[in-house]
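Let's take a walk through this protein chain together. Have the sequence and the 3D view ready, and we'll go piece by piece.

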Amino acid sequence: VGLQFLYPEGLRIASEGEFEKGQYVSLLREQDIGMPEPLVIFISIYDNPEQLPLKDFRDQEIRIPVTDEKSNTKVADQTALDFDADGLYLNRNLLFGHPSKALVAHISASYFGPEPSEDDPMWQAAKSIANSWQWTKL
């Protein structure tokens, strides 16, 4: 299984790699490269061998400190959990699965401002990534 997505101008891939349960890519605004604690869009792909439902996967496997549940949405024709979570920065998150349920994707965007907003530029960038998302065959 592969994937592809587009990201907006002004963002750059800062890092990518693998971790115990999957792979990741982090995107930074160009002006934030080299900053000690920049705003980030973090994209993770996790293996989900037990095919856990999204909420169970979030709560049991990646243990994200959810602060606000939004209405579910769709990404790549799949149901996606949409929620705020706390971390270094308050961030907005989309969690959605591959149609096979064997993979889970997580897009997390640091809020630019102190208060969550639908118009937040980092959230808008993350939404454009989600809107372009495609699972592909290798």
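Start at the hairpin of E8 and E9: five residues sit between the two strands, and Lys 101 there takes a positive phi near 70°. Those labels come from DSSP runs numbered from the N terminus, with helices (H or I) having at least four residues and strands (E) at least two. Before going on, note that this is a predicted model, where local features need pLDDT of at least 70, side-chain atom pairs count only at pLDDT 80 or more, and totals for chains, interfaces and linings use all residues. Residues are numbered from 1 along each chain as its sequence is written, and side-chain values use heavy atoms, with hydrogens and water left out.

Now look at how the strands line up. E8 and E9 pair in the antiparallel sense over seven bridges, and two strands count as paired if DSSP finds at least two bridges between them. Across this pairing, Asn 91 stands opposite Ser 110 in E9. E8 is also joined to E7, again antiparallel, by six bridges. Here Asp 82 stands opposite Leu 94 in E8, and a hairpin of five residues links E7 to E8.

Next, find helix H1, residues 54–62, where the buried residues are Leu 54, Phe 57, Arg 58 and Ile 62. Looking down the axis of H1, you'd see these buried residues fall within an arc of 100°, so they line one face of the helix. That arc is taken from the directions from the helix axis to the C-beta atoms. What covers them? The cover includes strands E4 (41–47), E5 (66–69), E7 (78–85), E8 (91–97) and E9 (103–110), with contact meaning heavy atoms within 4.5 Å.

Finally, check the loops on either side of H1. In the loop between E4 and H1 you'll find Gln 51, which has a positive phi of about 50° although it is not a glycine. Gln 51 counts as partly exposed because its relative accessibility is 44%. Just after H1, Arg 63 takes a positive phi of about 50° too, and this residue lies in the loop between H1 and E5. Its relative accessibility is 63%, so Arg 63 counts as exposed.

Methods
Buried means under 20% relative accessible area, exposed over 50%, partly exposed in between (1.4 Å probe, protein chains only).
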